[in-house]
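These are my notebook entries on a single chain model. I record what I looked up, entry by entry.

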Amino acid sequence: FKEFTKEVGLDYDVSLETVGGKGFDYHLAEKKAVLDKCWDVVVGHGFSTLDEPHPGDPALLISTTKQMADMFAARNPNVKFYLLATWSRADKVYPADAPAPWKGTPIAQMGQDVAKAYDAAAKNAGSKVAGVIPMGTAWNNGIKEGSVDDNPYDDAGASKMNLWAYDSYHASSYGYYLEAALDFGKVTGKDPMMLAGRDANKRPMDHVAEDLGISPKQQHTLLKLAHDALSSQGQTFVAMNN
């Protein structure tokens, strides 16, 4: 995200606070001293299954999202707090020992359920949540259109991009590039597709894809997925000033 903003001439200070396998409830309890400050923009997401002891139950996400939103707004009433709706986890769908509720379901189902939960969390927090970043939806769209592998446990999708990392849980470089493109489009209001263009010297606008080993064709596909997912929410993009 930081590199994307630099590439198009924007100036963002970027901080990152993460703890593996934890949701908003943990951060409110253990990281409040770090988070309870005056921010201009915040992007956050909870645990990947919504609630670790109760997978698929949105209640904890809904309640803690409101607590987070209230905390940020108390420091800065104009803060823009965005929720990132995460993706389907292949490791919760395909293995024989995968747990309920998504074992054996279509791979898109978990992402759809997570998206509904984040929409509910945003609605419950009211205007204190600026919007939801549709990561899971963009991922599902890639699977539907055929550019993204739907099952990392077989060889059928070997010619497609695998958005999952080796653990079939976290995202790969392809997946996190897609996430950064979605963040860029939602937070800045700029069209992610601009990153597929050329600069004034006719060089590639974005060098992140090349650094990650993502081909120009793959880059274009990922940026288009981000563009389309944001556009489907009704977002219109603002033009860059010359």
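I first looked up what covers the buried residues of α6, and the cover includes β2, α5, β3, α7 and α9. I take contact to mean heavy atoms within 4.5 Å. Helices (H or I, at least four residues) and strands (E, at least two) are DSSP runs numbered from the N terminus. The buried residues of α6 are M135, G136, A138, W139, N140, G142 and I143. Here buried means under 20% relative accessible area, exposed means over 50%, and partly exposed lies in between, with a 1.4 Å probe and protein chains only. Just after α6, I noted that G146 takes a positive phi of about 100°.

I note for all entries that the model is predicted: local features need pLDDT of at least 70, side-chain atom pairs count only at pLDDT 80 or more, and totals for chains, interfaces and linings use all residues. Residues are numbered from 1 along each chain as its sequence is written, and side-chain values use heavy atoms, with hydrogens and water left out.

Helix pair. Two packed helices are described by the angle between their axes and the distance between the axes. For α6 and helix α9 (residues 216–232), I read an angle of about 120° and axes 9 Å apart. Axes are lines fitted to C-alpha atoms, for helices over the stretch in contact, and angles run from 0 to 180 degrees between N-to-C directions. The two helices α6 and α9 are therefore oblique to each other; angles under 35 degrees count as roughly parallel, over 145 as roughly antiparallel, 65 to 115 as roughly perpendicular, and the rest as oblique. I looked up which residues meet: A138, N141, G142 and E145 in α6 face T221, L225 and A229 in α9. By class, this contact of α6 with α9 has 3 nonpolar, 3 polar and 1 charged residues. Ala, Val, Leu, Ile, Met, Phe, Trp, Tyr, Cys and Pro count as nonpolar, Asp, Glu, Lys and Arg as charged, and the others, Gly among them, as polar.

Sheet. I found an open sheet of 3 strands in the order β1-β2-β3, with parallel pairing. Two strands pair if DSSP finds at least two bridges between them. The edge strands are β1 and β3 (131–133), each pairing on one side only. Neighbouring strands of this sheet are turned by 25° against each other on average, direction ignored. I then checked β2 and β3, which pair in the parallel sense over 3 bridges. L84 stands opposite I133 in β3. α5 packs on the sheet, touching β2 and β3, and its direction makes about 160° with that of β2.

Backbone entries. L50 has a positive phi of about 80° although it is not a glycine. I placed L50 in the loop between β1 (41–44) and α4 (59–75), and at 5% relative accessibility L50 counts as buried. S168, also not a glycine, has a positive phi near 55°. I located S168 in the loop between α6 (135–145) and α7 (173–188); S168 counts as buried, at 5% relative accessibility. The peptide bond from A100 to P101 is cis, with omega near 10°, and P101 is found in the loop between β2 (80–84) and α5 (107–125).

Last entry. I looked up Y26, which lies in helix α2 (residues 24–30) and is partly exposed, with a relative accessible area of 26%. Not counting residues up to four places away in sequence, Y26 touches V19 and K31.
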